[in-house]
Amino acid sequence: MRFACDTGGTFTDLIVEDDQCALTMYKASTTPDDPVKGVLDALSLAAEDRTISLSEMLGQGEMLIHGTTHAINAIITGNTARTAFLTTAGHPDILVLREGGRIEPFNFVAAYPEPYIPRALTFEVPERVNSAGDVHTPLDEAGALEIMERLKAANIEAVAVCLLWSIYNPAHELRIADLLEEHLPGVPYTLSHRLNPALREYRRASSTAIDASLKPLMGRYLGGLTERLTGAGFSGRTLVLTSQGGMLDAHDLAQKPIHAINSGPSMAPIAGRTYAELDSEAPNVIIADTGGTTYDVSLVRDGRIPLTKETWIGQPFRGHMTGFPSIDIKSVGAGGGSIAWVDAGGLLHVGPQSAGAVPGPVCYGAGGTEPTVTDACVALGYLDPSYFLGGSMKLDEAASVAAIKEYVADPLGLPVADAAAAIVSVATENMVQAISDITVDQGIDPAESVLIGGGGAAGLNSVFIARRLGCPTLIIPETGAGLSASGALMSDLTNEYRATFFTTSDEFDRDGVNGVLEALRAECQEFIDGPGAAAMSSKIEYAVEARYASQVWEIEVPLPMDRVESEDQLDTLAGAFHAMHERIFAIRDPGSVIEYVGWTATARCHLRDGGPGRLSAGEGHDVSGTRKVYFANAGEVDAAVYDFEKMMTGEEHFGPAIIESPFTTVVADAATRFKRSASGSLVMRP
Amino acid sequence: MNGKPQKQLDGAQLAILANRFEGISSKMGNTLLRTGRSGVLNRAKDFSCCILTADCELLAVAESLPIHVLSGPDIMARSMMEFHPELKKGDAFLHNSPYHGCSHPADHTIIMPVIDDAGTHHFTVLAKAHQADIGNSIPTTYHGTARDVYEEGALIFPAVQVLKDYETVDDIIRMCQLRIRVPEQWHGDFLAMLGSALIGERELLALGEEVGWDTLHTFTDQWFDYSEKRMSDAIAEVPKGTASAQSTHDAIPGTPDEGITVTSKVTVNPEAGRIEVDLMDNADQMNCGLNVSESCTRTAAYIGVFNSIDHTVPKNEGSLRRIELKLKDAGVVGIPQHPISCSASTTNLADRIVSATQRAMAEMGDGFGMGEVGCFCAPSTAVVSGIDPRNEKPYVNQLFLGHTAGAGAPHQDAWLTMLHVGNGGMCFIDSVELDEVYTPIHVHTRRLIPDSEGAGRHRGAPAIEVEYGPVDCRMEAGFVHDGNIHVPQGARAGLPAARSNQFKTTRNKERETLDQCSIVWIEDGETLVSIAQGGGGYGDPRTREPEQVLHDVREGIVSRQRAEEIYGVAISDDLSIDAARTNELRSA
């Protein structure tokens, strides 16, 4: 038996996979003060459902895979450790200046961000290595020792060390580590060249600072999780999801907790890829995960999940860059809770304000007064007020209608139904733009892609989104409402290793590159032989970050080889770069020199074979034949109502229709065809 | 929406189409940013992309630096139509003439009409990018002392055809490759701009096909009306009045000894929802490269207004209708005439126009306007060139090694990394490591300077010191630094920022002050020291929240002595506020 447990902002989702690969899904409330309690609560629900004790159930478990928001929450709420930043003398403002840049150049209301570690806790180490990796200024031991004393006096709880050019010559960072071990024993620290050996000091410093600041807290959290699971009877392996879409043993992740920042959301594309492969031939997949307040979009391109180098905590240029590649997820403030409003010029806006979980949409009757996307869906008849979350919550339809009338319909001079449809249209367009942005960045044509709708609210407008994008196929997986947790069951044990080594296509340093690749291979092999020893199969994937001479933004190109020997291989590599550049940016420049900058190798250990299990059907509910719903183009129509869980496999249906389950509601207009496939997913042709 | 023309779009349809146009312009911008070659393009984001109507009205702009976007594309599009009355599908033009609407000659622009299969011209797309080199007589794109365009040496392209039936006109490209330093880099940027324009054209043709051209034209009219109303509402919030403010650029060769003073007279009429910016009371054009082109003069005045009001007002032809400008023919700011040089038109004196305008706006009432942003272009932002000893190849590029410049605003402290007001902070700051790989330099120091900010209720940014020098070679560095003499002023009793400066450190470790407008050789073992200044404050510093002053003291931005003398906040030895003494200081 395996457990996948994803702690989100509101709910802790649990999917249990039994030994026959049947899945069951549970939701417990997240308990922010003690998130492990939410995990245990969800597990208790599963045990109750099986009418066995928690310890009995856990005793059968071989693996628990956990996605956690603990790290990101600590950063957002400022509850990380009191961390010192040690940097090269003369360069104290790396975290203050960042890399410049701004959004909204006319906005003088938004504040310039505070550095991740204040200047007051920044210490300049007397030393300097130059760009050739030679020591320009030797490390002044006396000066370094003085810093140790100041760290003690300042009650520092963690230390981030990032010196210029440590990636080419780590001697000074290593010496500082010795001194820290000696003078501040037990205080966790992070060295930049070990954590993130990448060019560009701000990104490396920021990674180092974030990582160090999380070590005390995540060490405690992951230690506590393992301990309490063991105490409750679990003797299997505890794995935690990483921002790169893989998983690591909990105690390994505690050593580099920065990788836990996007722990949960990174799983959505893993699940999306699998579900898309089951029901579609399309080379690309767009995965949209709709939450209450955010809409997260991610991609699969030719079977690979593209990474972004620029992962921000918070808004770009106003938050902090993690400095690590992570699964490229574009998150916009658009969800069921997004508020609709009309500005003084008569323009309808949806969001970015959100009613959140509290008070929530007007129809929740919990104090919300401004209409949201969910209210529009109630007014349009898409949501059944008496069967929301399987009937566990009654919705106030009249309140939704009144709010839409007051805040949107009357100011726009439209009937309520049209106003509600307009709210859904604008929300749809916001979501479409989010998808367009990320597909453009990654060079993906939506017309050659399948759209996966995940999240409980995905079904409400995914048909409209798919149509607007020109996606021929939309898939709503049966586990869509817990997409991240289901992805966790499909993910591999992975670890990624990186190195910076600069060379160019006209003077390609084969020995240098092969040396780097060999070193990366050895690190991967060590991981495969260690934590990956129990895997069904393992592989190593290589990639290079490259750009045309004098560009500054690299793109990642999968390396179709593990050594570069012949001229042919060099040409193949160059060809792969030109093709990727053209794919992303519409142009190639075959006459230009290519600069190869960063090299990565990913060890991927496949822990389990076979596809995703099927969700065990619940009891379902009685559905009456039709319901009146309103569409922008067609007006009010009678839509057939189907029970998602009871739909026959393979039978083709036509809209207008509403497909309901306790976890989600899917809307299909008259132009849509759909069927339930053998995988359990709803496959729709918008 | 279907293909039928519509009489009137509702608020939702309007929002959706606005989103579509914005999406297209940002797709263009993204392409240009990520494929551009020169540092000034891909690091300083010194580029812009926009969509104009067939009547040459500015419709949608990708988020790019302010000095490029508000005015100019309209004039350039008109000159394209004047010089090429019979536009065909697949035509595109290279344009950089400051005498025909371009900001300055360094901003090469691809301008392309969007023409459907029936031959109807519906929109025009424009992609503009600052080049690392444009073939000037000296290796910099800011030739501050050029007597005229001939001494400046730039190749000028007044809407010259470079694409015919989607095929490039190679004659022009060959010319450029023979007259522009680092021709491969230029060609890379040219391709990036062309790619951007083509993407805009392709997307607009698809949009027209999808929703119908008539609907799109209905949209543009309504969108302008909507934007105009938003602008008029925003102006209605500003108190009525007329105010003048001045801002003075330091003297450089070719200017009077006292420098160049820009005067901006602003009149706000909230009832009518209109603002007038009068720039008539300014000097005649001068024999130097500082003259501000018509495009930049207009844009600078617009920025001064938009920096001072509700930032959510859309920036397009509709909102611009509410700002009336009065410009002087053949003025140093205004409408300079050929062959006078506008080489440094986007920065130095243009910044002074913005500064004077937003300080005049501040005079209308608390809550409006802004302090003066720090001046351009310090040696940390120099164009450097030489031979790289590591590969024996020549290099030329603009560095962005360190800048601050932000000014205090009505509701917030400075945005630290503004670069200069016309850039709006969009510029990236170079990684020291990246610059040391690209360029044979070693960066010794990059740090903020305490007690250098323009104090205020909301303070300006502190200054920044950057020291760097060549490695195993000599290096030529060009810069036109302002703010050594005439420092950025505060607004509404806010105080000015400290002076900017520039030095050379010799091999004997002696500091020599350099001329602020220089092309200097830095020898191996010498370093260039740049003091790039911060900006002026907003409001009386003695009304600043004591907690904020304490924070600045703890962070080493402001000394305890300055906290006491300037801000009237007493900080005790244990770094806490001495409330009693603070009261005493502030009531004195």
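Trainee: What should I know before I start?

Mentor: This is a predicted model, where local features need pLDDT of at least 70, side-chain atom pairs count only at pLDDT 80 or more, and totals for chains, interfaces and linings use all residues. Residues are numbered from 1 along each chain as its sequence is written, while chains are lettered from A and ligands numbered from 1 in the order in which they are written.

Trainee: What is the mean pLDDT of chain B?

Mentor: pLDDT is the predictor's confidence in each residue, from 0 to 100. Where pLDDT is low, the predicted coordinates should not be read in detail. For chain B the mean is 94, with 99% of its residues at 70 or more. The model scores ipTM 0.94 and pTM 0.91.

Trainee: How many helices and strands does chain B have?

Mentor: Helices (H or I, at least four residues) and strands (E, at least two) are DSSP runs, numbered from the N terminus. Chain B has 15 helices and 20 strands.

Trainee: Along its principal axes, what does the C-alpha trace of chain B span?

Mentor: The spans are about 75 × 65 × 40 Å.

Trainee: How many of the 588 residues of chain B count as buried?

Mentor: A residue is buried if 20 or more other C-beta atoms, placed from the backbone, lie within 10 Å of its own; with 12 or fewer it is exposed, and in between partly exposed. In chain B, 64% of the 588 residues count as buried.

Trainee: Which domains does chain A have?

Mentor: Domain bounds come from an automatic or database domain assignment. For chain A, that assignment includes domain 2 (284-334 + 427-472) and domain 3 (338-424). The centres of domain 2 of chain A and domain 3 of chain A, taken over C-alpha atoms, are 24 Å apart.
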